[in-house]
Every structure is written in structure tokens, then in C-alpha cells.
Number of protein chains: 2
Amino acid sequence: MLYFNQNLDHFTFTPKSYMTFQQRYAIDSKHWGGAKANAPILAFLGEESSLDSDLSAIGFLRDNGPRFKALLVYIEHRYYGKSMPFGSAEEALKNASTLGYLNAEQALADYAAILLHVKEKYSTKHSPIIVIGGSYGGMLAAWFRLKYPHIALGALASSAPLLYFEDIRPKVGYYYIVTNVFKKTSERCYNTIRRSWQEIDRVAATPNGLLILSKKFKTCAPLNGSFNIKDFMDSIYAEAVQYNRGPSYWVTSVCNAINANPPNRKIDLLDRISAGVVALVGNRSCYDTNMFAQPTNNNIAWRWQSCSEIVMPIGYDKQDTMFPTSPFNMTSFIDGCESYYGVPPRPHWITTYFGIQDVKLILRRFGSNIIFSNGLSDPYSVGGVLEDISDTLVAMMTKNGSHCQDIGLKSKGDPEWLVMQREEEINIIDSWISTYQKDLQILKS
Amino acid sequence: MLYFNQNLDHFTFTPKSYMTFQQRYAIDSKHWGGAKANAPILAFLGEESSLDSDLSAIGFLRDNGPRFKALLVYIEHRYYGKSMPFGSAEEALKNASTLGYLNAEQALADYAAILLHVKEKYSTKHSPIIVIGGSYGGMLAAWFRLKYPHIALGALASSAPLLYFEDIRPKVGYYYIVTNVFKKTSERCYNTIRRSWQEIDRVAATPNGLLILSKKFKTCAPLNGSFNIKDFMDSIYAEAVQYNRGPSYWVTSVCNAINANPPNRKIDLLDRISAGVVALVGNRSCYDTNMFAQPTNNNIAWRWQSCSEIVMPIGYDKQDTMFPTSPFNMTSFIDGCESYYGVPPRPHWITTYFGIQDVKLILRRFGSNIIFSNGLSDPYSVGGVLEDISDTLVAMMTKNGSHCQDIGLKSKGDPEWLVMQREEEINIIDSWISTYQKDLQILKS
């Protein structure tokens, strides 16, 4: 693991902006073809998690390093993992004064500085860099190619919901897809879930209702309201769909559990729902209904980002979903963030600065070399770029793909379509690199 | 004149970043073809001066507004004219803590916010915007198209020394061109100037030498050293070349004065040099040797910019110039800025963020719709993009053009080549707009 002395603030020149912090990154040079050959660099741009987890989960670099003879670089996002400004996570995550430097523009500038540093360190001015990222990191990869084309030759933006801002896409899209995957997996399961919300509320309203619910769902702590269970189940279903892939296929597991009729035991609707939890989370002595929203450093940092800049208006509009109706309300969202942090979000900034909303009109004649890959069974795909824009701005979709599946580790059991998708991605990147190498030869001669 | 409530800092979300200031801009809508026709917007991006002076000097918008049926927008740069953060120029220009928010990235984001605001105000979502600027403002125009292609369809970057950073171009280039224009105008004049520096030093070193010099140059204040005169003359020659155009042709005037042999009077070398000053500045009771570096608000603000981000390494290397040798020394430049402001410049940031240095390799397959116009008799042209990059990234050069001449006011006496240059610029912009309008029709149908 390496550390880079990074500027706190790239976009002002106040004395405070000169504060620095140690940003973590990693390099794997064992397959690199060297500076003389201008051998490429594959750079993973970290998202809202620690580099440790990325290093074990991201396969695209490791699996393809030898083929590209590439230098592999992994960079941790500021304010995550060990890349903490202000000396400690406690200070960095304290309030808007310290969190204020946590945003996408600063993160992109961090990546620019580190990648230029790596090129200098390896004395390889002309090695093309391909940036890779998933989800929020996929947005960063696409944005990086658009804003720093002189540093990254191209980008693989996996499951990047670049268009899930303001009113560009239907706000209900995320949960519409969650619903559809459940429905397709089992109509009966879908119907059970659909009916469950009212039942949770009904039970909660009875005498000792919360106690009954708590017992039924084996919660570790007493409940404050039916919303504890409902929010928990919401996350269970979303998680199951986002990562619904082999060998386990979570939606199938959850639905099998929900649909099952155990012998010699009478079960009711909520027993079925609770069985779904066990199927996804595993057998535990008790269940923490807050398990998806623990105040970990990562979650605290991401909550700030989604309450300042990355305002994705995901809602439950009255439409064909299996969830209770609850549209996204921007005004109350803004108020909530402002009362929590003391500063309001700037929900228009992403579209002002990155402007992907008019992707077809604008990028058709501007920009190049981005793969927007999306699995259409991933709820976030509703925010993805789902059409080819030009010869080199390419949308790649798979019907059954889940969230960021293509950049995960290769495995023997991978379905044929996934193997083919990755192969196609590699071929496209290969063609960018060889065009670049030819351009370079012409310029040098 | 209009004012826009602008964010102090677009790139952090600290409580302080939410401070706002009133940014001045102006709109002329009398020729506009309207939202229904998606009639275009010509937007002038202000540089390091007050909007008042731009409004009177910039002709490109006024002269071409009717032809394009364009809405004309002029925006003042933050920290110049009346667009002062922190309530007053005194506060804004005080020190690095307040000046720190004065930089190109923030200025571009300001322009983005105002242009989106104007489009909303005129309910014209799809009107294409062409941004125009000169010198530093020309860099801003080119950078704006590269960073905000979804807001500006194209840019006319007049006399923009985009490549005068780090070691991209010869540091002596500016003064090499100054020299050449003088030499071409009059070899004798050039030789006189070339010999004058030593003579100034020689006289200064004699008893009462500074007094003698002061008298010879009719300086308003006593001299602190020969450098007062030398720096002054340096600016006189540079200014004369930068704005050497009809009807007055300053270099010719200055050289005529330097070469003249007044009847009935014996004159020496320094009398000739002094006559050059009178020719450029006019007949005055005395001459302020500091006239080009007065601590006006504009100069204070620009000094900060050139000591923080816009570090253009203009030097006097030992080469064929008419100036004394004095190479640009980055280390002492950095030290000087740091001791003055308490923070050092970041001389690599422009190339990191904008990366125009590899213009041929990178922009050949990325970006579109920029005219880089340069007069080759303008000293700043040494930092210009002087080759076509692609069909729509076009270098336009004129042999005799001076600094920002093409975007100045049209006049009856304009030389044929200038008329043709402007015509060609208009045709290129026209073609961008009509391609865009066609794209728009296809997308809508």
C-alpha cells in the first residue's frame, strides 16, 4: 500500500486549501510491459468504500492485467478507508466544515494528481490510462474521461447511474426494477411482499404490536415503529436484486423462503416475510434492522455526499411496484439535509458541472472512449446511459446483469453472456489503445 | 446592468462556500430570434478587467448579433469591476484567505451558473451558446467549451496563450516576437533600443545619474534605480507590439520618434528612447514609470492570479531579442509569490486540470468546436494553438494580427485580411450552429 501527499482543496488557493492528507493507493506492476512500449495503465477509481474491499472484489484489473501487459493502479476515494483528511476519521467526518471537501470534483482532481504522479514515477509519459469504476465509482470514471481526457484515454463505467439526477429519469425507476425482478422470479412471492406492508402496519397497531413484530422478526433491539421493519425489508429486497447473481441468486433464495410451506407448522404472511430475511442474511440469533445503515465511517461519509452533491431522487411513486407509495419530495429532502448539516444540498450542481442529461445531443459530437455498462436487472440501470452515443461512446447492456457484475472477479461458473460481455469490453478498450498507439507513432515520426 | 447571486465556492460544501456575491452581467436582447427558433446566444466571458471596458471594446457580439439573431450576454469575471466577493474590493483583495477564491475554475463555474440562469430566464432550453473571449478570457472560452460542452456549443478563443505554461513553449517567445516586430518595422529603431539598456545603466551609474535619467524621461517621481526606466521601457515596447494596429500603428509611431532627427537640436541615444515614450503615451507634463503597474484593483487581482495559478513563464533567455538577458527562474518566482502572499503558486495545476499541452495527441479524438485565433504579430501568439487539430478544432492565424484584434469593434479602415478573418470565424460558428440545429431536429422527431 502506498500513500500520496494530497491537497485538501484543489479549487481554491486559500491557506487552508494547502492542507494535505495521505491518500492511499496500490500498484501492481508485475505484468506491466514497460515505459518503452508505452504499455497501458488500468486504474481503478475508488468509490464510497475502503480500498481493502475493492482490492478483493474488483476482478477486471487483475483478470486482464496480463492480457493488456498493464500497470494496475487502485486508488482509494478521499474520506474513505484510510484516506482521511484532518488527521482522523473523527475529525474528517465531524461536520460540514470538514466534510465540505468531500465531493466528486475534489475526488477527480485527486485521481488526476495521483495518476500523473504514477506516470512520472514510472517515467512513462505516454502510457495510455484506462479508468475503471463501478456504481458511484463508475460515474467518477465516466466523468474523469470527460473532464481529464489528457490523463485518461478511456473509461469503463460499470453500473453508473449518471442520469439518476433531477427529473432526467423516472424517480420510481429503481424500485420498479426491484419489483420486476421479484415478479419475474415468482409472482406469488411478489404478491406476498406487496401485501406485507399493510400487514406490518396492522400488527404494529394492535396492543403489544411492536413486541409481536419484534419477536416475529427476531430483532436484536426493541422497535420504535413499524418503519423499522419496513425500512429493513426495503433494504433486504433492494440488496437481493442489486446482487442477484450466481451461484446464490439472492432473489430466488428469498422467494423460495417466502413461498415455502414448512411441514407441520402453520405460518402467516409475516412468517413468510421473516423467512426471506433469514434466507438473505443467514441464520442468526437476532437481526439488526439497522444493519444496512450502521453509522460506519463509510456510511457517514456517503450520507454526507448524498445530502450535499449526489442527490439521487429515488422515490416510490404510485405505480406498479410492490412497495407502499411514497414519492421523493425534494423540498423535504433539502430541509432534512439542511437541518442535519446546517447547509443545504446543491441538487443542480451535478447536472451543471457534468451535464450528462443531454447526453445524446451533446456527446454525439464531443468526447470519446467511454463504455457505459449496465445490467438491466440492476435497479440502478434506470439511471444508466442505455444507448450508443457514437462509435466510441458505447452503451453495453446485459439483460440479466446485476450491479457492477462485469468488473467483479472472473469465476468458473460465470454465465456465457457475462463472459461475452467482458470479452467485448476488453476488445473495445483494446481498440482505443491501438488507435492511440498509432496516433502516437504518427506524431512522433 | 444585471447582477446574479453567485456562490463564492462551487467546489466545496463547507458553510463558508455558501457565501454569495453579486456578479455583474449584461444582456442585449434586441436582435434575438427567440426561444421558439432556438436562436443562439453569444456570450462574452470576461477576463481580468471591468465589464465597462469590455462593453465598449468588444465588437464581435455587437457587430454580429443581428446576423446571428443572437441574444448577447456579457459577464464580468469575479473579483474584477463590480463583481466583488466579501462586500468590497478592499476585503476581497486583502490576502490569500479572501483572494483564494479567485481562479479560473471558479470563474468557469460562475459562467456556467449565469448562462444556465439566462437560459431559464428566457425559457430557451435549446438555444446554442457560443462563448467568446480574448487573451486570458480566450483561455477561459476554450476551457469552458472543454469542461462545459453541455452549456457552450462552441468557443472563439482569441489570442489565448493556452500553451504558455511550464515548458511547453519557449519562454523567450513573447519577447522574441516583440523584438521581431520592431526589427521588421525598422532595423535602425531595433538597434537603438537594443543598445539602450546598457546606456541607461551607464548613465545611472554616473554621479547624479538617476537624476539625469529622471530629467531625460521627465519622470513624475524620483527614480529608485535604473530598473524603473528599464521596466517602463519594457512595457512600452510590449504594449506597442500587442496593440500595433491601424489607424495608429504604435510600433511605427514609436520607431518614427526614435529614429527622428529633430532640426537644430543635438540628441543622444536616450533622447531617442524618451521620444518613443512620448510617441506612445502622448505629450505629458511628466511620465509615471509605474503607469503599467499601478496598484489598481484589476492589477492587484491579476497579480494574485499570476502568482497562484496562471503562472506564465515569460523570460528573456539569451537569444536574439533586443532585451537584456534574464531567463525566467521558476524557483525564485515561486519564492517571491510565497513570501508576498504566504502561499506558493501551483504552477502545474493548469496543465493538470486543463491539459492542453498534448493538444494534438489528445484533442484530435476528443472535443470539438473551438476556434483558436491568433495574430502572429501578437507576442502572446507564441502560446497559442497554431495548428488545426480536427475539422472542428481550428487554428486561425493572421500574419499581421495583433492581440485580440479579431474580436474588437469593426471599423471602416479595417484591413482586408481582418475583414476576411472575421468572416471566416462567423462562417465556422454558423456551421456549428446549423449542425446543432439539425441534430436537435432529429432528436425531437
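Helices (H or I, at least four residues) and strands (E, at least two) are DSSP runs, numbered from the N terminus. The structure is a predicted model, in which local features need pLDDT of at least 70, side-chain atom pairs count only at pLDDT 80 or more, and totals for chains, interfaces and linings use all residues. Residues are numbered from 1 along each chain as its sequence is written, chains are lettered from A and ligands numbered from 1 in the order in which they are written, and side-chain values use heavy atoms, with hydrogens and water left out.

Chain A contains 17 helices and eight strands. Its radius of gyration is 23 Å, close to the 22 Å that the globule rule gives for 445 residues, so chain A is as compact as a globular protein of that length. The radius is taken over C-alpha atoms, and the rule is 2.2 Å times the number of residues to the power 0.38. The C-alpha trace of chain A spans about 80 × 50 × 40 Å along its principal axes.

Two domains are assigned in chain A: domain 1 (2-165 + 350-444) and domain 2 (172-347). Their bounds come from an automatic or database domain assignment. The C-alpha centres of the two domains lie 31 Å apart. Domain 1 of chain A gives 34 residues to the contact, and domain 2 of chain A gives 27. Contact here means heavy atoms within 4.5 Å.

Domain 1 and domain 2 of chain A bury about 2600 Å² between them, with 64% of it on carbon and sulfur atoms. Buried area is the accessible area (1.4 Å probe) that two parts lose on being put together, summed over both. Ten residue pairs, both at pLDDT 80 or more, are in polar contact between these domains. Such a contact is a pair of N or O atoms within 3.5 Å; within protein, one must be able to donate a hydrogen and the other to accept it, and residues adjacent in sequence count only if both atoms are side-chain atoms. On the side of domain 1 of chain A that touches domain 2, helix 4 (96-99), helix 5 (104-121) and helix 6 (136-147) each give two or more residues. Helix 6 of chain A has the largest share, three residues.

Ser135(A) sits in the loop between strand 5 (129-134) and helix 6 of chain A. Its phi is near 60°, a positive value in a residue other than glycine. The peptide bond from Gly246(A) to Pro247(A) is cis, with omega near 0°. Pro247(A) is in the loop between helix 10 (226-242) and helix 11 (250-259) of chain A. In chain B, a cis peptide bond joins Gly246(B) and Pro247(B).
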